[in-house]
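Below is a brisk report on selected local features of one chain. The structure comes first, then the text.

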Amino acid sequence: PRDSVQTILGLPNAGAQLTYSGSLIENVNSLSGNLSGYYSGWQNSFIQARQWTTSGGKPRLDMVNFTHHHSLAPLQTTRTVQMELLLHQHMMAQRFGTNPPLSKGFFPTEMAFSERLIPVLKSVGIEWAVVSGNHLSRVCADFPLVLGSGGDNTQPLNLADVLNPAQGYYYRVSIDRGCSPCNAAPFAYTPHRAQYVDPYTGAVQTLVVVPSAMEFSWFDGYRNLGANELAPIASQNNPSRPMLVLMAHDGDNAYGGGYSYYMESVQNFCYGAAALGYNPTTVEQYLSQFPVPA
């Protein structure tokens with residue numbers, strides 16, 4: 001990851017977000033020096049990359065919060081989630097240091113998110129969380145629901161959840177997973193605030209949610225994604241609150257886990273995007289430039 005981010009330092013705001021579970025850090029620590037391919041001081045490359053900053057002073061490599069044991073947070077008790085996050089923060093500080101400070105972001109394991117998590121996330125200093133853009137789109141009043149391979153391989157949505165206004169423009173494309181994600185542009189590519197209402201007191205807490213682009217994430221994880229492929233949604237952009245197209249995928253995806261991805265595709269996409277007038281950026285840099293309205 002350090003070497004990959006280094007290839008895009010010529011762009012003022014380019015960078016990446018990275019998750020590293022606490023249990024994985026423990027595993028690598030135990031293997032360092034004892035198994036071919038692992039070495040003592042493996043964390044130093046990450047420490048170095050965390051020092052690189054964007055034009056706004058934000059980390060180029062933002063190592064975001066994650067559940068320590070790769071657990072599905074919405075299925076756990078509040079106290080368990082809190083301990084999972086505190087354990088992870090402790091491990092991050094121990095291995096990578098606190099300069100710059102620990103991340104304010106959260107990536108939910110397997111994209112499993114619930115508004116019920118908002119109070120506990122805020123209690124440990126988290127200010128934003130990645131969510132699936134598809135979940136924002138699905139609860140828009142005019143979402144063009146299609147079930148099966150031509151649409152979503154999932155259950156029909158609960159109409160009680162349809163709380164977002166009609167959007168008008170949707171982008172649907174087939175991916176090699178037997179489904180065709182459909183997202184509202186610019187709505188599902190723009191950070192918003194989600195809220196949790198305490199059922200006993202009525203108190204409201206909000207958290208910024210940063211949608212990831214399911215379709216672009218899939219392509220980026222399995223082949224070389226060209227910046228020109230953003231064209232179908234680019235026409236819907238709102239310059240005052242631009243879309244943030246976030247690619248999110250596992251480091252061991254078929255293509256996203258290889259040398260060609262880290263050292264060739266990342267820089268080709270970022271510099272290609274810049275040439276088309278886009279601004280390769282990080283979540284923190286974007287949020288500092290375009291704060292999400294209350």
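Leaving aside neighbours within four places in sequence, Val245 is in contact with Tyr189, Ala213, Phe216, Leu230 and Ile233; contact means heavy atoms within 4.5 Å. The model is predicted: local features need pLDDT of at least 70, side-chain atom pairs count only at pLDDT 80 or more, and totals for chains, interfaces and linings use all residues. Residues are numbered from 1 along each chain as its sequence is written, and side-chain values use heavy atoms, with hydrogens and water left out.

Val245 sits in the loop between α8 (231–234) and α9 (259–275). Helices are DSSP runs of H or I with at least four residues, strands are E runs with at least two, and both are numbered from the N terminus. Val245 counts as partly exposed because its relative accessibility is 24%. The classes are buried (under 20% relative accessible area), exposed (over 50%) and partly exposed (in between), with a 1.4 Å probe and protein chains only.

Phe216 is 29 residues from Val245 in sequence, yet their C-alpha atoms are 8.1 Å apart. For Ser217, 28 residues from Val245 along the chain, the C-alpha separation is 9.2 Å. Ser217 belongs to helix α7. Not counting residues up to four places away in sequence, Ser217 touches Leu246, Met247, Ala248 and His249.

| Residue | Relative accessibility | Class |
|---|---|---|
| Val245 | 24% | partly exposed |
| Leu86 | 36% | partly exposed |
| Ser180 | 2% | buried |
| Ser217 | 6% | buried |

Ser180 is in the loop between β5 (170–172) and β6 (182–184). Its contacts, leaving aside neighbours within four places in sequence, are Ser149, Gly150, Gly151, Arg172, Val173 and Ser174. Leu86 lies in helix α4 (residues 78–96).

**Helix α9**

Tyr261, Ser265, Val266, Phe269, Cys270 and Ala273 are buried in α9. The buried residues of α9 pack against α1 (2–6) and α7 (214–222). After α9 comes Gly277, with a positive phi near 95°.
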